[in-house]
Amino acid sequence: MNSGAPVLVAPLDWGLGHAARCIPLIAQLRSLGVPVLLGGAGGSLLMLRRQFPDLPAVELPAYGVRYGSGASVLGPLLRQSPRFFRVIRAEQAALRALHRARPLRGVISDNRYGLHLPGLPAALICHQIAPMLPAPLQGLRGAAYALHRRLLAPFSQVWIPDHPGPEGLSGELSHGIALPPHAHYIGRLSRFPDPQAGPPRPAGMLALVSGPEPQRSLFEARCLKLAAMLARPMTLIGGQPDRRIRTIPGVQYHPFADGPQLQEMLLGAELVLLRSGYSSLMDLAALDIRRMLLVPTPGQPEQEYLAQRLAASGIAMCVRQAEPLAVWARMIAAIAAESGARPGFPPDGGRLLAPVLAGWLDYSC
């Protein structure tokens, strides 16, 4: 491969978390003098373009994931699965055409399973090697893992954003199983490399809203009702980089916050209210945030598992979205009344990305 050709970095357009955790990886590639081509769709690509306005970018087929408004996302996702496989084939065709027109050094895909070609080095970022299924389907988890391994097989490497120790943040999602032979732990990926940058400003309660619709809007509506009920300051980040600022009484509403602004808000917040998405948890761990109330997306087993795991270890408190807001309020009051510090996130276990990335780049030359 041509070492002067760009590496395509392309996150999945399933919320903003996949794009957020690509930011430190792109920064490291640039520090090594490696040309980068951004790829993606929707808000995730817009987020990367805002972060790296000088980098070229290419539109890729959009997955356009939508959840249901009920208690489970499984049914809506199953109904969308034929389209997901069509998008996988479409993004592979798009990659083939792109590579013919503009030869690439390699591809780093965050959960885009069609971004691989024979002879082209391709790494897939994934924290959920063994997919978590809803409780009634846990007996099928082995079959789901076998299917997932088939999707992982065409990639030259699989990168797990966690460390290999027993206290890894992803827990059973990527530990305690027989990993594919081409899988590597690369340590957590956070867009907040310097947790001490700048003095924080007090922000009261901070709500981070994210994820596919309509659950994003349902969570936002619950947070706004909670703010009105508690009559206390709230800053709300809407997770929509393509929207404008809204005026809401008693709430500082931002459709989106770039890394430095969000870091300042997180460090200054008395309490953080958010989904238990893995990328968000990596960011909170990087900043050593210890006062948080996790609200997993209803029916999303991965988020429910991560929230319950952190609650069981005392790191966070969690509540179901459907619980009465009075329950949310009691938990917030309990967190606010705590006099001592909660246990922190387990240590990251060292920086593992640099040697893995260096080896992959040597292979791609």
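View 1. Strands here are DSSP runs (E, at least two residues), helices are H or I runs of at least four residues, and both are numbered from the N terminus. This is a predicted model, so local features need pLDDT of at least 70 and side-chain atom pairs pLDDT 80 or more, while totals for chains, interfaces and linings use all residues. Residues are numbered from 1 along each chain as its sequence is written, and side-chain values use heavy atoms, with hydrogens and water left out.

**View 2. Strand β4 (residues 106-110) from its other partner.** Strand β1 (residues 7-11) is joined to β4 by five bridges, again in parallel, and Val9 has Ile108 as its bridge partner in β4. Five of the five β4 residues are buried, so the strand is largely enclosed by the rest of the structure. (Buried means under 20% relative accessible area, exposed over 50%, and partly exposed in between, with a 1.4 Å probe and protein chains only.) Gly106, Ile108 and Asp110 point one way, while Val107 and Ser109 point the other.

**View 3. Helix α1 (residues 17-31) against helix α2 (residues 42-51).** Their axes come within 9 Å and cross at roughly 35 degrees; axes are lines fitted to C-alpha atoms, for helices over the stretch in contact, and angles run from 0 to 180 degrees between N-to-C directions. On the α1 side you'll find Ala19, Ala20, Ile23 and Ile26, meeting Ser44, Met47, Leu48 and Gln51 of α2. Contact means heavy atoms within 4.5 Å.

**View 4. Ile26 in the largest nonpolar core.** This core has 60 residues, and Ile26 is among those with the most contacts inside it, along with Leu29, Ile108, Trp159, Leu266 and Met292. A nonpolar core is a set of buried Ala, Val, Leu, Ile, Met, Phe, Trp, Tyr and Cys residues joined through side-chain atoms within 4.5 Å. Helix α1 supplies the largest share, seven residues. Leaving aside neighbours within four places in sequence, Ile26 touches Val9, Val36, Leu38, Leu48, Phe52 and Leu55.

**View 5. An open sheet of six strands, in the order β10-β9-β8-β11-β12-β13.** The pairing is parallel, and the edge strands, β10 (251-254) and β13 (317-318), each pair on one side only. Helix α5 (residues 215-230) packs on this sheet, touching β8, β9, β10 and β11 (271-274).

How values were computed: Pairing = 2+ DSSP bridges.
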